[in-house]
Amino acid sequence: MYALAADHLLYYKITSGPEGCRIRIWETPDTAEEGEQGSYLYIINLRVANVAEAKAVLTHHLALNGGALACDQAEFPHKGKIRILAFPTWNRQEPPES
């Protein structure tokens, strides 16, 4: 198996305010320039109870989308980008016996 030439970056931002806590997770196409606004492959915008729940949502999303190594980190900053694998990943389970 070979890695793809292009990096796939997943961006996230956790914000807290008087109305509660919000997490945004998005991925841009490979052709988008750094910091370019409005060009997304997808964007998730969720309101959650607190920062701990936002980080749990981020950890779960990363585990489902090829960021398993990043999930093992103890602490995420409130804003960042994470390189993810652009192909199906191992779910840490043994294959069934045939």
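Me: Which residues does I43 touch, not counting residues up to four places away in sequence?
Reply: The model is predicted, so local features need pLDDT of at least 70 and side-chain atom pairs count only at pLDDT 80 or more, while totals for chains, interfaces and linings use all residues. Residues are numbered from 1 along each chain as its sequence is written, and side-chain values use heavy atoms, leaving out hydrogens and water. With contact taken as heavy atoms within 4.5 Å, and with residues up to four places away in sequence not counted, the residues that I43 touches are R24, I25 and W26.

Me: Is I43 buried, partly exposed or exposed?
Reply: I43 has its place in strand β3, where strands (E, at least two residues) and helices (H or I, at least four) are DSSP runs numbered from the N terminus. Buried means under 20% relative accessible area, exposed means over 50%, and partly exposed lies in between, with a 1.4 Å probe and protein chains only. Because its relative accessible area is 36%, I43 is partly exposed.

Me: How many Å apart in space are I43 and Y12, C-alpha to C-alpha?
Reply: In sequence, I43 and Y12 are 31 residues apart. In space, the C-alpha to C-alpha separation of I43 and Y12 is 9.5 Å.

Me: Why does T28 count as buried?
Reply: T28 lies in the loop between β2 (20–27) and β3 (42–48). Leaving out residues up to four places away in sequence, T28 touches L9, Y11, S39, Y40 and L41. T28 counts as buried because its relative accessible area is 16%.

Me: What is the relative accessible area of K55?
Reply: K55 sits in helix α1, which covers residues 51–64. Its contacts, leaving aside neighbours within four places in sequence, are with I14, E75, F76 and H78. K55 is a buried residue, and its relative accessible area is 14%.

Me: In what order do the elements of the protein run from the N terminus on?
Reply: The protein contains two helices and four strands. Read from the N terminus on, the order of these elements is β-β-β-α-α-β.

Me: What percentage of the contacts in the protein with a separation of 6 or more is accounted for by residues 24 or more positions apart?
Reply: The protein has 98 residues, and buried residues make up 27% of them. Among the contacts with a separation of 6 or more, the share that residues 24 or more positions apart account for is 42%.
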